[in-house]
Amino acid sequence: MQSPFPFVPEQASNFAANVDILFSFILLTCLFFAVLITALATFAAFKYRRVHPNEVGAPIHGNMALEIGWTGIPLLIALGMFAWGAVLYVNFRTAPKDTLDINVIGKQWMWRLQQPNGRREINELHVPLNRNVKLILGSEDVIHNFYVPAFRVKMDVVPGRYNTLWFRPTKIGKYRLFCSQYCGTNHAVMTGWVTVMDPADYATWLSGEVGEVNPAAAGEKLFTQLACVTCHLSNGTGRGPSLNGVYAAKVLLADGSIVVADDGYIRESILEPKAKIVAGFQPVMPTFQGLVTEEQIMNLTAYIKTLQSQPVPPKGAGVAPASTGKK
Amino acid sequence: MSENEHTNHIVQPGTYTAIILTLLTLTALTVAAAYVNLGPFNIVVALAIATIKATLVVLFFMHAKFVPRRTQLIIISGVFWLIILLFMTLSDYVTRVDYRGVRFPISQNFSAGLPPRA
Amino acid sequence: MSTTATAPVQTLPEHHYLNATYGIRSWLLTTDHKRIALLYLASVTFFFFIGGFFAMMIRLHLMTPNGLLLSADTYNRMFTMHGVTMIFFFLIPSIPAVLGNFLIPLMVGAKDLAFPRVNLLSWYIYIIGGCFTLYSMIAGGLDTGWTFYTPFSTVYSNSAVAPAVLGVFITGFSSILTGLNFLVTVHTMRAPGMTWFRLPIFVWSHYATSVVMILGTPVIAITLGLAAMERVFGLGFFNPAMGGDPILFQHLFWFYSHPAVYIMILPAMGVVSELIPTFARKQIFGYGFVAAASLAIAVIGFLVWAHHMFVTGQSTYAALAFSLLTFVVAIPSAIKVFNWTATLFGGSISFDTPMLYAFGFIGLFIVGGLTGLFLGCLGVDMHVHDTYFVVAHFHYIMVGGAVMGYLGGMHFWWPKITGRMYPEWIARIAALILFVGFNLTFFPQFVLGYLGMPRRYHVYPPEFQVYNVMSTAGASILAVGYLLPMIYLTWAAFYGKVAGPNPWPATGLEWRTPSPPPTENFEVTPVVTWEPYDFHHRPDLGLEGGAPQGPAVAPAHGDD
Amino acid sequence: MHRTGALYGQFKTLEQQKDTATLGMWIFLVTEIMFFGGIMLAYTINRHTYFPAFAMGSNTLSLFLGGTNTVVLLASSFTMAMGVWSAQVGKKQLLTIFLSLTLVLGFVFLGIKYIEYAQKFHHHLVPGRNFDITYCVNNPARCDDLSPSELEVEREELAKALNADPALNSHAQLYYSAYFGMTGLHALHMIIGAGLLLWLLKESLAGRFDAQYNNPVDIIGLYWHFVDIVWIYLFPLLYLIDRHK
């Protein structure tokens with residue numbers, strides 16, 4: 001949307017146009033009534049304004065025909081709106097048979113998705129154009145909500161059960177993904193992108209990796225993509241320790257031992273985060289086993305190396321002297 | 001206070017005694033019924049007996065049989081609203097279908113995580 | 001005041017409820033419903049400004065996409081405490097506990113409410129609940145959202161959930177006792193001749209409100225009680241880790257919290273139903289329908305709660321049933337709006353401040369009510385649910401509707417409460433500022449919502465900024481609009497022009513006693529011989545229509 | 001509010017006052033119905049979903065203690081009703097006697113409830129970290145209040161239930177959540193009722209109630225009977241889920 005005052009998001013799924021048409025119908029009906037009443041009230045307010053201070057109004061008590069009319073007609077219109085909306089909703093809740101099933105796990109505060117062939121993504125979803133896609137939604141902690149405005153669909157992600165959400169992307173592009181059920185501190189950051197691709201491109205994407213030139217730059221990108229950044233805040237206030245100045249430093253662990261944060265430790269921390277917990281932090285980090293390739297771990301390590309010279313936040317808990325911990 | 005006696009029916013001890021004896025009998029009956037396997041009807045019988053007992057208490061111990069219509073209406077509306085709460089909520093539960101087509105009660109050995117791949 | 005028909009020089013009565021006794025004790029131990037109403041007035045105003053402060057912080061923060069001044073956690077605490085304060089401690093008690101408390105005994109011609117000591121107790125319960133909630137704000141704040149959704153609130157949140165929940169739980173009983181008191185008062189305390197169909201619509205609305213209060217509030221009490229026990233003792237009904245169901249919490253929560261919206265809006269509708277006939281000098285159009293619509297809203301309002309849960313994964317069938325009923329509940333509200341509009345026709349309309357609020361109410365309530373149709377419509381809700389569209393919708397209802405009604409009622413009855421008049425022109429300007437500020441604040445949020453901006457976001461994508469800036473600008477105008485009445489009404493209570501018993505004039509029984517009224521409300525028990533809002537058989541009002549031969553003793557009849 | 005004798009100032013007649021107070025109490029009882037309704041709903045859904053766990057939990061309760069309590073509470077309702085009658089016909093001494101009896105029966109109920117609660121604490125059957133549905137079966141020495149035959153029955157039931165529901169331990173906690181939630185709320189109402197009865201007793205000893213003015217006895221009686229009704233439902237719902245084995 002290029003206009004500075006957009007009012008409709010892009011239409012990129014089979015539902016989008018239908019929702020917009022239904023919305024417009026309700027909008028026009030409501031506008032009609034709103035304008036009608038406003039006009040009548042304004043007209044009456046001026047026509048019957050008080051001229052003499054002691055006058056009173058006409059002795060009118062009511063009118064049965066009018067009452068029945070303005071009860072019945074709006075009721076019929078409302079039932080029409082209901083029926084139209086119901087048809088759309090039943091369609092939305094009833095997924096077709098031939099779907100591409102994608103698993104989605106919501107977790108404070110990231111989305112973990114898995115394609116049918118096992119390829120995993122974080123906060124990104126790639127789907128082919130014109131293919132029915134069904135998301136199977138599960139949550140690891142609290143209630144989240146998977147919402148793509150351009151598709152006009154959303155569904156809660158409720159712990160303890162799976163919900164489903166289906167759509168058919170109809171336009172190639174990159175669309176915003178939101179969590180729209182409040183889920184805690186970084187609810188607003190639990191966002192991402194849905195990329196609709198040409199089926200051929202999707203197939204290529206599904207089978208291959210995209211090479212990165214500069215390991216540190218690739219690592220920095222991954223650090224954001226994998227949502228590491230939501231916990232490992234550089235100022236030390238996150239749920240995970242700040243990584244500034246960690247590389248090659250000594251780290252105090254929860255069990256009292258001290259390790260040196262070398263490449264091996266970083267790799268272990270990514271793949272088996274619960275093995276060595278930094279003192280003062282909870283074992284909340286999920287494993288990235290299967291999510292990242294060896295090459296990507298190397299890139300991440302390269303990025304963490306570049307943070308060696310960054311200022312260490314003062315309140316780094318669990319830090320061996322002169323260094324900040326991490327896990 | 002002749003007017004008072006006119007509107008306030010005094011329930012006599014004889015009635016109270018008859019009611020408490022009925023209540024005790026029904027209590028014995030509900031315990032006895034619980035030991036008979038009636039399948040899904042055990043709960044129905046238990047609730048039916050409890051409702052009879054509650055009705056007796058309301059009508060006689062609480063004099064609802066003798067109070068103005070207005071008060072009776074209030075009692076009934078209270079019960080009616082309870083039924084709205086229970087039944088409209090249950091209307092969701094009994095028609096829920098989870099994505100594998102399993103009806104309520106939802107699958108019991110759910111464990112958080114990804115569903116198994118076919 | 002522009003049309004004062006009685007003698008030009010008015011004096012306050014020698015004895016009235018405000019000067020009956022003096023000292024802090026005489027207020028804190030009073031059982032006079034009028035004084036308790038003023039206690040409530042002071043306390044809800046206090047909470048309103050606390051809630052308003054949170055609102056300002058939210059709007060300021062959202063000026064820029066990355067947030068201007070708060071951290072994520074602080075922002076979450078701000079919007080949560082804004083919601084909790086405004087809903088449980090301002091909106092729900094505002095009109096019923098202040099205006100309703102003050103006026104219902106006067107309107108039905110009683111010396112007091114049925115249970116004056118219970119009335120005082122309900123204020124103390126409210127204050128105790130408020131203290132717990134204030135304590136939670138100091139002790140780490142609350143970040144669950146006012147909806148307290150589990151399992152976030154019971155397991156994951158590390159803010160002070162328990163005291164806040166306890167505070168809301170306690171305050172619920174204040175609401176129950178108020179509702180109970182109103183119901184019994186309307187049933188048993190009416191003056192001779194005050195038949196059901198001579199009751200002002202204000203009383204009908206409060207009757208309907210009370211029904212909602214006594215039937216709904218206990219359910220939220222037990223629900224929050226269970227949630228608190230789940231957090232503290234580890235009960236498991238709402239905890240999926242133990243096999244509980246978080247959606248059950250939502251069912252129970254909305255069973256009350258949706259009808260609670262009607263606790264907020266019905267009394268405001270009652271106020272407007274008083275203002276329009278008074279300032280149009282004309283009987284309300286379709287009295288019976290307006291009264292019945294209140295009850296219909298209260299009853300059907302209980303059958304729609306799960307429309308807050310269309311995208312939680314409740315069953316499709318249940319969603320269909322609840323959506324259908326949602327469209328049905330829109331009808332009684334529409335009936336009211338149509339009847340108000342029809343009342344204007346053939347009237348003699350003045351534009352005193354209360355009437356401006358009534359017009360403002362109608363305008364904003366139309367927008368708020370009609371946007372409810374979008375949300376109740378299943379096909380649209382799946383897009384706009386939990387976005388700013390919802391935020392805008394309920395602010396139009398609760399602020400545009402309930403608060404406009406509350407302020408309109410305040411201006412209308414302020415001369416009755418204090419015996420003095422407020423400065424008319426400042427009041428008209430304040431009403432205008434409120435209307436403009438309100439629309440500028442909340443209308444852009446509809447667009448934001450349709451564009452897909454989810455609610456409760458402390459940062460947002462840059463393409464949403466322009467509407468957020470508009471909204472923040474509107475909020476600052478709105479803040480001025482709220483401060484003005486606060487200042488001049490307080491001033492008027494002490495220094496305003498003496499108003500006299502019936503300055504407008506209006507037809508209700510409350511205007512047949514001095515302003516401010518004596519402690520026992522009426523010197524002699526009034527006998528009602530006229531129909532509601534009848535300006536034609538009321539020579540005591542000093543208007544042209546008052547038939548000179550005296551009030552016609554109309555027979556009490558059963559229907560409109 | 002100023003009062004002349006038994007009449008409060010806001011009322012015109014004693015009859016209006018009585019009518020008002022009775023109506024007020026009935027409306028309050030309606031809110032109580034809704035109050036218990038919420039937890040009933042939670043109970044219903046969970047019982048339906050996790051029947052084996054609820055059956056298992058129910059069978060760990062003592063039918064003897066629960067049944068005795070039902071009889072005690074029904075009897076107290078009877079004595080309360082008789083108290084109301086005594087007041088209505090102006091028998092002041094009889095009123096005092098019946099009120100005392102009601103109060104004593106109320107305390108007997110609470111005493112038995114205490115015994116039951118203590119037993120559940122002892123057997124690690126309170127929801128929370130220490131909850132262990134298998135505790136008694138695995139530590140028979142710690143549960144010496146259960147006879148070997150009772151333990152044997154429990155062992156069999158446990159085996160069956162675990163077979164039907166592997167997550168029995170967490171779902172049984174839902175049963176105990178319902179049990180403690182419902183009976184706890186009920187007991188709280190009993191305690192409030194006992195307080196009200198104490199006040200009635202004091203007033204009755206002072207001879208305040210007669211055939212004209214007995215409204216407090218009447219409306220506190222209503223409350224007491226309501227608490228009885230709640231128990232009438234709780235007893236089969238909690239104690240008699242699955243006794244036919």
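**Helix packing and chain contacts in the predicted model**

In chain C, helices α2(C) and α15(C) cross with a left-handed sense. This crossing, like every feature described below, is taken from a predicted model. On the α2(C) side, the contact is formed by Gly52(C), Ala55(C), Met56(C), Arg59(C) and Leu60(C). The residues contributed by α15(C) are Ser471(C), Thr472(C), Ala475(C), Ala479(C) and Tyr482(C). By class, the residues of this contact comprise 6 nonpolar, 3 polar and 1 charged.

The axes of α7(C) and α9(C) come within 9 Å, and the crossing angle is roughly 10°. Since angles under 35 degrees count as roughly parallel, α7(C) is roughly parallel to α9(C). From α7(C), the contact involves Ile201(C), Trp204(C), Ser205(C), Ala208(C), Val211(C) and Val212(C). Facing these residues in the contact are Val290(C), Ala291(C), Ser294(C), Leu295(C), Ile297(C) and Ala298(C) of α9(C). The contact of α7(C) with α9(C) contains 10 nonpolar and 2 polar residues, and no charged residues.

Chain contacts were examined next. There are 5 pairs of chains that touch, and among them the most contacts are between chains A and C. In this pair, 82 residues of chain C are in contact with 79 residues of chain A. Elements of chain C that give two or more residues to the side touching chain A are α3 (72–108), α5 (152–156), α8, α9 (287–300), α10 (316–344), α11 (353–376), α12 (378–384) and α14 (424–451). The most is given by α10(C), with 15 residues. The side of chain C that touches chain A divides by class into 50 nonpolar, 23 polar and 9 charged residues.

Chain C also touches chain D, and this contact takes 33 residues from chain C and 33 residues from chain D. On the side of chain C that touches chain D, at least two residues each are supplied by α6 (161–188), α7 (201–233) and α8 (246–280) of chain C. Helix α7(C) gives the most to this side, with 10 residues. The class totals for the side of chain C that touches chain D are 22 nonpolar, 8 polar and 3 charged residues. Chain A and chain D, by contrast, do not touch, and their nearest C-alpha atoms are 13 Å apart.

Chain A holds an open sheet of 5 strands. The strand order is β4-β10-β9-β6-β7 (chain A), and the pairing is mixed. Strands β4 (124–128) and β7 (153–157) of chain A are the edge strands, each pairing on one side only. From one strand to the next, the twist averages 20°. Within the sheet order, β10 and β9 of chain A are listed side by side. Strand β9 of chain A (residues 173–179) is joined by 5 bridges to strand β10 of chain A (residues 192–197), and the two run antiparallel. In this pairing, Gly173(A) stands opposite Val196(A) in β10(A).

Chain D contains 8 helices and 2 strands. Along the sequence, the elements of chain D follow the pattern β-β-α-α-α-α-α-α-α-α. The C-alpha trace of chain D spans about 70 × 30 × 30 Å along its principal axes.

Confidence scores were considered for the model and for individual chains. The model scores ipTM 0.89 and pTM 0.87. The average pLDDT of chain D is 90, and 98% of the residues score at least 70. For chain C the average pLDDT is 91, with 96% of the residues scoring at least 70. Two stretches of chain C have scores below 50. Over residues 1–6 of chain C the pLDDT is below 50, and beyond near neighbours in sequence this stretch has 17 contacts in the model. Over residues 548–560 of chain C the pLDDT is likewise below 50, and this stretch has 26 contacts in the model beyond near neighbours in sequence.

How values were computed: Residues are numbered from 1 along each chain as its sequence is written. Chains are lettered from A and ligands numbered from 1 in the order in which they are written. This is a predicted model: local features need pLDDT of at least 70, side-chain atom pairs count only at pLDDT 80 or more; totals for chains, interfaces and linings use all residues. A crossing is left-handed if the near helix is turned anticlockwise from the far one by less than a right angle, and right-handed if clockwise. Helices (H or I, at least four residues) and strands (E, at least two) are DSSP runs, numbered from the N terminus. Two residues are in contact if their C-beta atoms, placed from the backbone, lie within 7 Å. Ala, Val, Leu, Ile, Met, Phe, Trp, Tyr, Cys and Pro count as nonpolar, Asp, Glu, Lys and Arg as charged, and the others, Gly among them, as polar. Two strands pair if DSSP finds at least two bridges between them. Axes are lines fitted to C-alpha atoms, for helices over the stretch in contact, and angles run from 0 to 180 degrees between N-to-C directions. pLDDT is the predictor's confidence in each residue, from 0 to 100. Angles under 35 degrees count as roughly parallel, over 145 as roughly antiparallel, 65 to 115 as roughly perpendicular and the rest as oblique.
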